[in-house]
Every structure is written in C-alpha cells, then in structure tokens.
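Open the model in your viewer and keep the selection tool ready. This tour goes stop by stop.

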Amino acid sequence: MEVISIERSTYEELLTSFNSFVIKMKEMASRGNDKGLDDWLDNQDVCQMLNISPRTLQTLRDNGTLAFSQINRKVYYKPEDVERILYVVAGRDKDSKMYNLKTECL
C-alpha cells in the first residue's frame, strides 16, 4: 500500500469541493423527480377532453396547433396547452356546424 501525505489546507479544500459537488448533484436529482408525468395528458385524455378523434389530434400536432412531448412512442401533452386550444377546437366545431346549417338552408 502506498501512502500519500498532503497538507491539511489542501485536504480541506478538496473536501469542500467534493461536498459542494455532492450538494449540486442532489439538487439536480431532486429537480428531475419533480418533473413527473403525473400532470401530463396522453392521447386518450386529450381526445376525450376536446371531443375529437385521434386523427384530428394528429392533425393538431402536425400543424403545430398543439404542443406535445414524445417519449419513445408515447405522446404527452401539458394540460395548459390543451386548455389553450380548447376554444380553437370549439370554434372549428361551431364553424363547421354553421357551414352545415347554411348549406342545408340552400
């Protein structure tokens, strides 16, 4: 076994640096735990909330109307993003109903 001796001040500096590193790592790990998927919605939830088909949901993602995150093949949505487009989807639904009413009257 080889013994290495260092000055006390150097050892204390090294120990302080290591402890601050450990604290930073614990903070980063705890931030990662806070970002669970508990609040996020999946495709089925969004389709039910907006009363739309999965294909319409795909179109909303494709044209950039609805923001999403994808992990592997699973797609997730923030509730606030879904609420933001709730009026857009409701407006489209009203427009299509109005169009149908106009064509029926002709």
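**Stop 1: two packed helices.** Select residues 43-50, helix 2, and residues 54-62, helix 3. Their axes lie 10 Å apart and meet at an angle of about 100°. Axes here are lines fitted to C-alpha atoms, for helices over the stretch in contact, and angles run from 0 to 180 degrees between N-to-C directions. Helix 2 is therefore roughly perpendicular to helix 3. The scale is this: under 35 degrees is roughly parallel, over 145 roughly antiparallel, 65 to 115 roughly perpendicular, and the rest oblique. Now show side chains. N43, V46, C47 and L50 of helix 2 make the contact with P54, L57, L60 and R61 of helix 3. Contact means heavy atoms within 4.5 Å.

**Before going on.** This is a predicted model: local features need pLDDT of at least 70, side-chain atom pairs count only at pLDDT 80 or more, and totals for chains, interfaces and linings use all residues. Residues are numbered from 1 along each chain as its sequence is written, and side-chain values use heavy atoms, with hydrogens and water left out.

**Stop 2: the whole chain.** Zoom out. The protein has four helices and three strands. From the N terminus, the order is α-β-α-α-β-β-α. Helices (H or I, at least four residues) and strands (E, at least two) are DSSP runs, numbered from the N terminus. Of the 106 residues, 17% are buried. Buried means under 20% relative accessible area, exposed over 50%, partly exposed in between (1.4 Å probe, protein chains only).

Stop 3: Two strands pair if DSSP finds at least two bridges between them. Strand 2 and strand 3 (residues 74-77) have three bridges, in the antiparallel sense. Pick I71: its bridge partner in strand 3 is K74.

**Stop 4: salt bridges.** How many salt bridges does the structure hold? There are two. A salt bridge is a side-chain nitrogen of Lys or Arg within 4 Å of a carboxyl oxygen of Asp or Glu. Stay on K74. K74 forms one with D42, the closest N and O atoms being 3.5 Å apart. K74 lies in strand 3 and D42 in strand 1, so the pair ties together parts that are 32 residues apart in sequence. K74 is partly exposed, at 38% relative accessible area.

Next, select E12 and R8. Their closest N and O atoms are 3.7 Å apart, and they form a salt bridge. Both sit in helix 1 (residues 8-34), four residues apart, about one turn of the helix. E12 is partly exposed at 40%, while R8 is exposed at 65%.

**Stop 5: two loop asparagines.** Select N51, in the loop between helix 2 and helix 3. Its phi is positive, near 55°. N51 is exposed, with a relative accessible area of 72%. Then select N72, in the loop between strand 2 and strand 3. N72 has a positive phi of about 55°. N72 is exposed, at 72%. Most residues other than glycine have a negative phi.

**Stop 6: D81.** Finish in helix 4 (residues 79-105), where D81 lies. D81 is buried but has no salt bridge. R84, its nearest side chain of opposite charge, is 4.2 Å away. Lys and Arg count as positive and Asp and Glu as negative; His and the chain ends are not counted. Leaving aside neighbours within four places in sequence, D81 contacts L66 and A67.
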